[in-house]
Amino acid sequence: MTLLSILLPLAFAAAPAAAEPVRIVALGDSLSAGYGLNAASEAFPVKLEAALKAKGHEVTVLNAGVSGDTASGGLARLDWSVGADADAVILELGANDALRGVDPARTKTALDSILARLGERGVPVLLAGMYAPPNMGDDYKARFDAIYPDLAEKHGAILYPFFLDGVVADAKLNLPDGIHPTAEGVDVIVERILPAAEKLVEAARSRS
């Protein structure tokens, strides 16, 4: 047996294993699912994954967005949408609640339950907030808009106050329905949420 044949196995054994990609589940509605876009590659989870990788993060961002879903709908499918192998979650729900005039107390209860259950599993969460449209009235808007900062503080979630920041009401960045972002709109969302997403990756790495 040569010295080389002895040292090579030792060298490989000493080499650190490559870090496993952080598995992030984007649990949301049509805004994150990619409704109305020309290709799946234009959806928020795909573009966010690419942006995080460009920053040097080994990640996989899974699309668990369901068009039309409410906070209560997300709660009902939580266990099968966010598997045991999930390292982190981006929680983007509530827009449909506001559009349908769902009682903010009901929306808050559902999101609270999602955050609590993920917390029991030790899964860090980036809570993507939403604002109620002005036509819902001042009282409704005040109650709804307070949901996200209140729950982020309660559960220690990373808060991104408004998922559509920089996109809402800009005709160039929205589809003809005026609600869903275009591919260019998704680019703006990704650019603005990226620092918060990096914090989520760091939290997931710390957990592991």
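Is Phe44 buried or exposed, and what is its relative accessible area? Here are a few points on this predicted model, starting with that residue.

1. Phe44 is buried, its relative accessible area being 2%. Its ring partner is Phe163: the ring centres lie 5.1 Å apart and the planes stand at 80°, so this is an edge-to-face pair. Phe163 is likewise buried, with a relative accessible area of 0%. The pair connects distant parts of the chain, 119 residues apart, with Phe44 in helix H3 and Phe163 in the loop between E5 and helix H10 (183-207).

2. Now for the sheet. Its 5 strands form an open sheet in the order E2-E1-E3-E4-E5, and the pairing is parallel. Strand E2 (59-65) and strand E5 (158-160) are the edges, each pairing on one side only. On average, neighbouring strands are turned by 20° against each other, direction ignored.

3. A look at one pairing: strand E3 (residues 88-92) and strand E4 (residues 125-128) run parallel and are joined by 3 bridges. Leu91 has Leu127 in E4 as its bridge partner.

4. Two helices deserve a mention here. Helix H3 (residues 44-54) packs on the sheet and touches strand E1 (22-28), E2 and E3, with its direction at about 165° to that of E2. Helix H9 (residues 147-155) also packs on the sheet, where it touches E4 and E5, and its direction makes about 165° with that of E4.

5. Back to the aromatics, of which the structure holds 4 pairs. Tyr140, Phe144 and Tyr148 make up one aromatic cluster. Tyr140 and Phe144 are 4 residues apart in helix H8 (residues 138-145), so about one helical turn separates them. Both are buried, Tyr140 with a relative accessible area of 10% and Phe144 with 0%.

Terms used. Residues numbered from 1 in each chain as written. Predicted model: local features only at pLDDT ≥ 70, side-chain atom pairs only at ≥ 80, totals over all residues. Heavy atoms only, no water. Pairing = 2+ DSSP bridges. Axes fitted to C-alpha atoms, helices over the stretch in contact; angles between N-to-C directions. Contact = heavy atoms within 4.5 Å. Phe/Tyr/Trp six-rings, centres within 6.5 Å; stacked < 30°, edge-to-face > 60°. Buried < 20%, exposed > 50% of the residue type's maximum accessible area, 1.4 Å probe, protein only.
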